[in-house]
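Please look over the sequence and the 3D structure shown here, and then follow the report below through its parts one at a time.

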Amino acid sequence: EGELVKTLFLSEKEDGGLEEKEQDEEYDDTTDSRPMSASELLAQSMGGLSRPLKTRLSQVISSLASQGGAVSSDGSGGAIQSGDDEDTSSSLNRLVAIYSVSGLLRFYCSAIEKALEKAQAENEAITESPLLTTCDECLAEAADCYVASLRAYGAMLGSHSLSSSQTEAHLAQRAIMLIADERVASPGFADDALDTVGDDLVSKQLSLSFLVSTMVDAAMTHLKTLDGTSALKSAVNAASKSGLDAKETTKWMELIDEKEQNLVEVLVGTEAEIVLEECGLGAIRSAIKDMDRVYIEGMTMSSHPGLSRKEVEGAMKKFYSSLFSPPIPTFEDVIKDAQLRKIARSRTAQIVIDLYQEVYGALSSERGGYSDLSFLEHDPNQVKALLSL
């Protein structure tokens, strides 16, 4: 209280202050009778607050990083979605809560730094702030715990998926979208706060780039369905709207697209095999492969089991009849994207066209040995026109 009185009253001494030097010394219980500046007074008064604050924040951060309990970022307990188990929701809610605490600490650091900068601009001597030091230390601790928790959540996507009805990709999507939403809502990640804190280690740890990189990388190893690629694309788009760098967005979209194309190729190959068996070309292809394994010079296809004129003619009639209602799958149950469905159907049809061209060429060659080729009713171009989707 004595220091406060000196600061408020005795600083007017040069303008005809109210007391003499001897009176000043009565209130001075230190060797320095100079009144404390505003920043020194703030530093001293906040010094007592910083110690219990650091203790409490450390307890909260450690608790969120190591214990269960479905505590959400707003303290409401978090909503468990349909198909979730308690452990999955608890892990995700605690992860978002740690990020929320980190954002709040960023805001505190930003506000204190701005206050100190303002005091410095007014030519006031700047005293080290214990509160700023405490907030910086707690922010670094919270960021480290967030990184560890995020990586642990990513490593356990498989376990969480087994205990819930959601895929690893959908769990990663939820984490990205919830944290991105928390980032938008937090004052610690506003433009002015980001400019004040700067591009340091903590900023990188709490960045959307690190979040997307960790979660998408973890989910990609489990990605087996096109529904999963759609979920990851949705998550990256959400992060992009929340501030993810355009280059980062493009990079992850390209990686997901590449994985998606690989999954489409596998799916198309599987479905094409079924189509070939249903339309009759599969049996001829198998017979030709069998012949190639035992082929000797002078052997004809018409003399090989499965490739007699009667058998080939029956297979061709079956194939031609299927052209009026091609058994090409719609992929509606496995591919939600309309453009991707169209591509999958076209590739499946192309596999059928390519095989027919190969079979047509083999049967009509000298190696075929067929004296009458009337069973080949359509040439490859006609078949391609009939199967164009």
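## Salt bridges within a helix

Lys317 and Glu313 form a salt bridge in which the closest N and O atoms are 3.9 Å apart, and in this predicted model the two residues both belong to helix α14, where they are 4 residues apart, or about one turn of the helix. An α-helix has 3.6 residues a turn, so residues three or four places apart point the same way.

The side chains of Lys251 and Glu248 meet in a salt bridge with an N to O distance of 3.7 Å, and Lys251, at 37% relative accessibility, counts as partly exposed.

The structure holds 11 salt bridges, and one of them is formed by Asp227 and Lys336, whose closest N and O atoms are 3.3 Å apart. This pair links distant parts of the chain, because Asp227 sits in helix α11 while Lys336 sits in the loop between α14 and α15, 109 residues apart.

## Helix α15 and its surroundings

Helix α15 covers residues 338–363, which makes 26 residues, and the helix reaches 38 Å from its first C-alpha to its last, close to the 38 Å expected at 1.5 Å a residue. The N-terminal end of α15 is capped by Asp337, which has a side-chain oxygen lying 3.2 Å from the backbone nitrogen of Gln339.

The buried residues of α15 include Leu340, Ala344, Thr348, Val352, Tyr356 and Leu363. Which helices do the buried residues of α15 pack against? They pack against α11, α12, α13, α14 and α16.

## Thr348 and Phe331

Thr348, which lies in helix α15, has a relative accessible area of 0% and is therefore buried. Leaving aside neighbours within four places in sequence, Thr348 is in contact with Val268, Ala272, Val275, Ile328, Pro329 and Phe331.

Phe331, one of these contacts of Thr348, lies in the loop between α14 and α15. At 5% relative accessibility, Phe331 counts as buried, because the limit for a buried residue is under 20%. The backbone of Phe331 has a positive phi of about 65°, although Phe331 is not a glycine.

## Gly280 between two helices

Gly280 is placed in the loop between α12, which covers residues 246–279, and α13, which covers residues 281–294. With a relative accessibility of 6%, Gly280 counts as buried.

Which residues does Gly280 touch, if those up to four places away in sequence are not counted? Gly280 touches Ala315 and Lys318. Gly280 and Tyr320 are 40 residues apart in sequence, while in space they are 9.2 Å apart from C-alpha to C-alpha.

Leu104, Phe107 and Tyr108 make a nonpolar surface patch of about 250 Å². Tyr108 is found in helix α4, which covers residues 86–121, and with a relative accessible area of 36% Tyr108 is partly exposed.

## The chain as a whole

The secondary structure of the chain comes to 16 helices and 0 strands. Of the 389 residues, 42% count as buried, and the chain exposes about 20,900 Å², of which carbon and sulfur atoms supply 52%. Among the contacts between residues at least 6 apart in sequence, 73% join residues that are at least 24 apart.

Definitions and conventions
Residues are numbered from 1 along each chain as its sequence is written. This is a predicted model: local features need pLDDT of at least 70, side-chain atom pairs count only at pLDDT 80 or more; totals for chains, interfaces and linings use all residues. Side-chain values use heavy atoms; hydrogens and water are left out. Buried means under 20% relative accessible area, exposed over 50%, partly exposed in between (1.4 Å probe, protein chains only). Contact means heavy atoms within 4.5 Å. The expected span of a helix is 1.5 Å times one less than its number of residues. A polar contact is a pair of N or O atoms within 3.5 Å; within protein, one must be able to donate a hydrogen and the other to accept it, and residues adjacent in sequence count only if both atoms are side-chain atoms. Patches are made of residues with over 30% relative accessible area and no salt bridge: like charges are joined within 9 Å, nonpolar side chains (Val, Leu, Ile, Met, Phe, Trp, Tyr) within 5 Å. Accessible areas come from the Shrake-Rupley method with a 1.4 Å probe; for residues, only the protein chains shown count as cover. A salt bridge is a side-chain nitrogen of Lys or Arg within 4 Å of a carboxyl oxygen of Asp or Glu.
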